[in-house]
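Subject: Structure for you to look at

Hello,

Here is the structure I promised to pass on. Please open it next to this message and follow along.

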Amino acid sequence: MVRNRRSRRTAAVALTATALLAGTIQLSTGAATAAPAAIKDKVLVIGLDGANLDRIKAANAPNLKRLMSEGLTANSTLYSSPMAATSSGPGWSTIATGVWPDKHGVKDNSFAGKQFGTYPDFLTRAEKANPSLNTYAAADWEPIASSDAGGPIFSPTVDKRLGLKGDANGYGVEDPKIAAGAADELRNGNPDAAFVYFGEIDIAGHNSGPGSQAYLDAIARSDRHIGTVLNAVTSRATYAQENWKILVTTDHGHKDGGGHGGSDIKERGTFVIAKGAGIAAGSVRHDVRLVDVAATALKQVGVSTAGLDGVPLDTPDNDAFDTVRGSLAARTDETGIPAGVKGYTHTAPSGWSVDNSAMGTGGVTEWRGWSFTTDEFWTQAQRDQWRELNVRGRDVFAVADSDEWDDKTNSGKFDSTLVGPKWQVQGGTTRTLRFQTHYRHEAGQTAQVLVSYGGGAPQQVKTFTADATAQAQSLPLQVPSGVSDVQVRFRYAGTNNWFWAVDNVRLG
């Protein structure tokens, strides 16, 4: 066990005394009664290494299923190389820091290039923002909570860390000890923010594959550990005065035959299960990303999420593209995408349109001009060409893909323009156009952002001439005097080149 606990006893006693004095109420009889204690916000994140959500649903896992029925369930997908491998180092670093590998720097289990000083884990970030918070981490995979094997991901700044090493059979064998140690701390200690890791499911995935009974059995045992931990929380003497948010997540999935690290959709598969105030019971979402775990945990304990890629789960989703999810269809010409996956439409959201007047004819139907699609659908059209790197896109996004369009007989070239609504503005002001972009460049293609003011001729405000993968864009717009509206266009043209994806377009 690694400890770094500061003494808070004297301060706590003084604070309690002050609070009692401040909270007394003088009754008519002269008696004084303490005011009700304030509700204390707390958060627990549980990590299950290498867990496939569809197998959790098939397993004997009553505690996990209860969390899903009482809260939120969200599938999500990871990156793949060259951003990072679908392995534990990058996965847990992403969960802990709330940023993607292109920021935290961990690309594999060597942890070479880690940037934890710049992008610390959420427990360390909480400690630095508010040292009065109590933090706790427990894991039996050494890089998470111990100071060897490339770690720790959760730094020594964390108040208390329980870091155990697995025996010759590997990590996960100490899961019962992790459950017992964490339960003791959660029941009898006073953690405000905690992270608890269980690794057995991943071992079963490697040894037997996720389709095996051994994998289901590992999920069942891990579920019992989760029950132990959750019972410890609800058994706290002060539980009635506390507001707990519980999150469960995983670092990566497993392909059908077992194993991970590559770009298979099941290796890239992750999830977030969450329960707590503000989370609708039985809800299912498609816009959640793995980086949202840290952001949600930090907000729960009153710490800023500025600078993170993640957003708290209670942040409203106002992206227009997500509104077309109900219109998504299964494949038409594509053969590599499973037949049951619904993931594309040419129906634009309200206020938007697609101008294909310069578009060539023929080609693959799904990608004829700008399309609205999902990560699960688009990345399975063709793997390992950087489509998996669109990590800052969420739910439904817009794609112009001349490479995939050209896979079927066509004439002319790909030339399509995505046209936004007319946004009302005040003349003589500066507005900011923001959007997420994922662009892979090749000579011969063009990608332009065009703006028209008051119905005038479109003016180019941005052109991409180099790769811009998974980036946030912020373009200042100088609105001319006398103008009352602004309209944005995204024009992409190419001939069997690469692609351009945009998402969450908004005028600030």
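**Rings and helices**

Arg440 lies over the face of Trp498, 4.1 Å from the ring centre. Keep in mind that this is a predicted model. Arg440 also has its charged end over the ring of Trp386, at 4.0 Å from the centre of that ring.

Next, the aromatic pairs. A search of the whole structure gives 22 of them. Take Trp92 and Phe195. Their ring centres are 5.8 Å apart and their planes stand at 75°, so this pair is edge-to-face. The cut-off for that label is over 60 degrees. Trp92 belongs to helix H4 (residues 88-97) and Phe195 to strand E8 (residues 193-198). The two are 103 residues apart, so the pair links distant parts of the chain. Trp92 counts as buried because its relative accessibility is 2%. Phe195, at 1%, counts as buried too.

Now find Trp405 and Phe414. Their planes are at 80° and their ring centres 5.8 Å apart, so they are edge-to-face. Both residues are buried.

There is also an aromatic cluster. Its members are Trp370, Phe435, Tyr439, Phe464, Phe490 and Trp500.

Last, two helices. H9 (residues 200-208) packs with H10 (residues 213-234) at about 175°, with the axes 8 Å apart. The two helices are therefore roughly antiparallel. On the H9 side, Glu200, Ile201, Ala204, Gly205 and Ser208 make the contact. H10 contributes Ala214, Tyr215, Ala218, Ile219, Arg221 and Ser222. By class, the contact has 6 nonpolar, 3 polar and 2 charged residues.

Best wishes

Notes: Residues are numbered from 1 along each chain as its sequence is written. This is a predicted model: local features need pLDDT of at least 70, side-chain atom pairs count only at pLDDT 80 or more; totals for chains, interfaces and linings use all residues. Side-chain values use heavy atoms; hydrogens and water are left out. Axes are lines fitted to C-alpha atoms, for helices over the stretch in contact, and angles run from 0 to 180 degrees between N-to-C directions. Helices (H or I, at least four residues) and strands (E, at least two) are DSSP runs, numbered from the N terminus. Angles under 35 degrees count as roughly parallel, over 145 as roughly antiparallel, 65 to 115 as roughly perpendicular and the rest as oblique. Contact means heavy atoms within 4.5 Å. Ala, Val, Leu, Ile, Met, Phe, Trp, Tyr, Cys and Pro count as nonpolar, Asp, Glu, Lys and Arg as charged, and the others, Gly among them, as polar. Rings of Phe, Tyr and Trp (its six-membered ring) pair if their centres lie within 6.5 Å; planes under 30 degrees apart count as stacked, over 60 as edge-to-face and the rest as tilted. Buried means under 20% relative accessible area, exposed over 50%, partly exposed in between (1.4 Å probe, protein chains only). A charge sits over a ring if NZ of Lys or CZ of Arg is within 6 Å of the ring centre and within 35 degrees of the ring normal.
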